[in-house]
Amino acid sequence: MSNKNRRYFRPARKSLTRVLTGCLLLGTLPVLAQSTGATLRGSAADDATITVTNIETGLTRTTRASNGNYSLAGLPPGAYRIDISANGQSSNQAVTLMVGQTVTLDLTSSSTTELDTVTVSAARVLQETTTSEVATYVSSKQIEALPQGTRNFLAFADAVPGVTFSRGADGSTSLRGGAQQASGINVFIDGVGQKDYVLKGGLTGQDSSRGNPFPQLGIAEYKVITSNYKAEYDQLSSVGISAVTKSGTNEFHGDIFWDRTSTDWRASTPAEKRDGAKVESKEEQYGIAIGGPIIKDRMHFFLAYEAKEYNSPRTLVPGEQLQPGDLPSAFQNISLAAAAPFKEDLYFGKIDWSIGQSHLLELTARRRDEDELTSVGGLNTPEHGTLKNNEETRVDLRWQYNASDWMNDAHVTYEDTQWGPRPASLAPGVLLSVPRQGVATAVPNINPGDMAAVLNLGGGGDFQNKGQRGISFQDEVTVLGLVGHTIKAGIKYKKIDLRAFEQSPYTPQFLYDITNSLTIPYRVDFTTSGNGNATQVNSDATQIGLYFQDDWDVTDKLTLNLGLRWDYESNPSYQNHVTPQTLVDQLRAYAPLQGPNVDYDINNYISTGSNRTSFTGGWQPRVGFSYDLLGDERHVIFGGAGRSYNRNQFDYLSYEQYRLAFQRYQYYFVAPGHDCNVDPVQTPCAAWDAGYLNSDALGSLITPGSNYGTEVFLLNNKLKTPYADQFSLGMRNAFDLLGNEWNSSVTVTRVLSHDGILFSVGNRRADGSFFPPNVDFGSSPGADLPLYSRFFRGDNGVETRTNSVLFSLDKPYTSASHWGVGLAYTYTDAKENRPRSDQFTFDYPNLDNVAMFGAVDVPKHKIVGIGIYDIWGITFSGKATWTSAPGNNGLNCFGRPDPGACDVGGRFVTYYFSEQKFFQLDLALQKEWDTSFGVKLRLRGDVLNVTNEMNYTDFGNFMGVGGVLNPDFGRRTGLGVLDPTRTFKLSLGLGW
């Protein structure tokens, strides 16, 4: 009998009644949709009893075959012993199931064996080939063995076609797919989404952070879905990660590690070579994990802790190529070598309790706490930097119920995150500047636009408090007992409090011309509040999600995956916002909006508190297919199409409130070389008083009622939710080569993302038309909005298009063969209508007729190779990455008559500089000794960037103007490189 002829039987009426009752009850339960459990199914003798037992935890599930088929769902990933009893005979097998798999296993008598002892290492790893998803698995062996520097478990996704894990110049990490930014991803841990609704990091805590989202010791394995996920996945438009955490077992196990690298263990950067000295640096990581039984075969615990301590080198680079000796004596002792410290603590705990064969309870909790100093280097001294606190707490209670032909998986979760940058110093900012080279200085008033920044001292300007806190209820029911179908349905209900506060600058910023005066600044920038608008925005949001998924075995070879999802979010801060009446009066009286050429209706952006509604059009059909050419799951054609909605970031939705709450002022002072009363006149202009160094005294400069907010943000009353349409077609193959099982896959994908938020200038010329090239609204008479100056309109408009070819070839690691290799190639043709999906445009009234151009930072070609080999307790591993040059964005000015014509009206163009290609080879060697005390000692060395490739980042992207080629175009213009230079990392560990 074919192993694809599954579940062709009619369920008993009582069973069907119970299932339907469960579905009805499900309507009152809030659910999230994303299962990490595996499904095992296939052929077996009629009435055979199949019992699967997790080798490490003792978890047991039993079912009886009917009509020659069986199915078991919701199995936690791991190694299992399968016992088959039929017709008075018994046999068994050992297999390993991975996260979220649906795999077929023939258990007829001719296909089974009898094993005396079943061990984890002997369990055969089953591969999923018939899914329509574009998916790849990252195994526990790869996480443990492959070289890496950050201990961020998401880094291994970089070896998956179509996915990029990157580390910025400041050490922060991000994950993305195609042309979409990190905000499009979502990570599910044990079935619970970690989405960041406020910031743009994709998952909470990862926006501009050097930290890790989860202790790597606590991650067992994960699945990377590049596109065409099933209906159970929500709140994403790009890459989806489904990870499962480790659990305790029936034996006590533990692991301790420590790794370190420092100044002497890394090669110099180009800047350090130039200066002849290294900046002191340190990267240290350490942790412990322990787990074991509370009640054998029933209850277990697992605890993990990891810490990360960095002291990252930063280099001050004074502007105008000045050196400390060129500065006034008061600043000559400033060291150009600086450091940016970072400290993170990660905690994770888990208790699982198997109550008979029908019930499984899991309680997990994790805590993240990190502090770092950022925005240091370049012009910024450490005191002008930003102290950033990043905190996160999550708790999840899970209950899984298994019946003979259906199962239920429910979660109750709590989350609390906070992201809080603060100025490192609360002293006023001291911004040193000089006239640009060639600027005439023997004049009474040097134009402020001709001044160049040199160094920034004193307090910085960034103060924020943003985060989310709430609870969710989620549930998923899986029905196995219907003819030829596996049905999943789910609901999600979430109450989440979103908050956003931002004031910039937080402390006054005084600008000094150090060639004329160190005591009298020529300008100050500062903010105040007090116009009656709330300084912090809070919103008690409600999220609801529903989905239905039918995996339908149409024939022995053809499977259809038919899904439909609907998501809804109510955001009171957006819906109930009332545009202040003072602003409404000015907008409706704004003369340019009465002009004959105006291109929008301002009433579409004025909120009354009752003319906005939640977006209800979040319907997301997701369909796919797989066709098994020979019926043996070794050559499968697959494909799919679907839509997936992401989320509007709350930070952007809050702009119209907290940006209006703080009025930003810029005052000029009569200072040596800068008499603001003399041509070119700057206003407002005031006489200097040393008392202004006290920020409270600056308020006396303000004329009451003269400024209600320097910049105004207005949101469209019919704002939509960003989404992506995904299409794929591919083929998977499994084949034997020299006695080893290999897998290959080639897929063509197309992803179109739409409706990203865009803020465009709302000001217009007197006739209502937008500003022509090289004309800023500030120089157009009557363009200022009285009492407010500039204003922006928020609409849906940002789009990307990504066409990709994804190829993978791998031989999975097995303990029997002692080795595994993988090769991933990605070709990407990516385009966008805003560089890096930037949410601002100053050069167009909207993006309706703006051409797409090559996506910035996305290379056309990427190749990643990985390998693992172990013998005699020694493990060798490596990873090699090569990419062609990424896209660089610039203005197309080459055919324009003068540079000014490019300032506003130039057309964006993307350049690819061959010298900017990327290469990095990482190697690791580990030796493990088994002591006589049941403890294993290991010593490991990782060498990152073995060849010390200098992957430069600074290139001239201005082609030239008026047909004259810029000599720096396409050439290196600086010494910036991507981390790391060649680095050795030493690791010590104990395991038991």
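Predicted model: local features only at pLDDT ≥ 70, side-chain atom pairs only at ≥ 80, totals over all residues.
Buried here means under 20% relative accessible area, exposed means over 50%, and partly exposed lies in between, with a 1.4 Å probe and protein chains only. Helices (H or I, at least four residues) and strands (E, at least two) are DSSP runs, numbered from the N terminus.

Residues are numbered from 1 along each chain as its sequence is written, and side-chain values use heavy atoms, with hydrogens and water left out.

Strand 3 runs antiparallel to strand 2 (residues 49–54), and 5 bridges join the two; strands pair if DSSP finds at least two bridges between them. Thr51 stands opposite Thr62 of strand 3, and in this hairpin, which has 5 residues between the strands, Gly58 takes a positive phi near 85 degrees.

Now to the salt bridges, each a side-chain nitrogen of Lys or Arg within 4 Å of a carboxyl oxygen of Asp or Glu, of which the structure holds 50. How far apart are the closest N and O atoms of Asp158 and Lys862? They are 2.7 Å apart. Asp158 lies in the loop between helix 2 (140–145) and strand 10 (163–167) and Lys862 in strand 42 (residues 861–871), so the pair ties together parts that are 704 residues apart in sequence. Both Asp158 and Lys862 are buried.

A salt bridge also forms between Lys466 and Glu502, with the closest N and O atoms 2.7 Å apart. Lys466 belongs to strand 25 (residues 463–482) and Glu502 to strand 26 (residues 485–503), 36 residues apart, and both residues are buried.

Finally, the backbone. Most residues other than glycine have a negative phi, and most peptide bonds are trans. In this model, a cis peptide bond joins Ser504 and Pro505, with omega about 0 degrees, and Pro505 is found in the loop between strand 26 and strand 27 (509–513). Arg836, although not a glycine, has a positive phi of about 55 degrees, and Arg836 counts as partly exposed at 44% relative accessibility. Asn948 likewise has a positive phi of about 55 degrees without being a glycine, but Asn948 is buried, with a relative accessible area of 16%.
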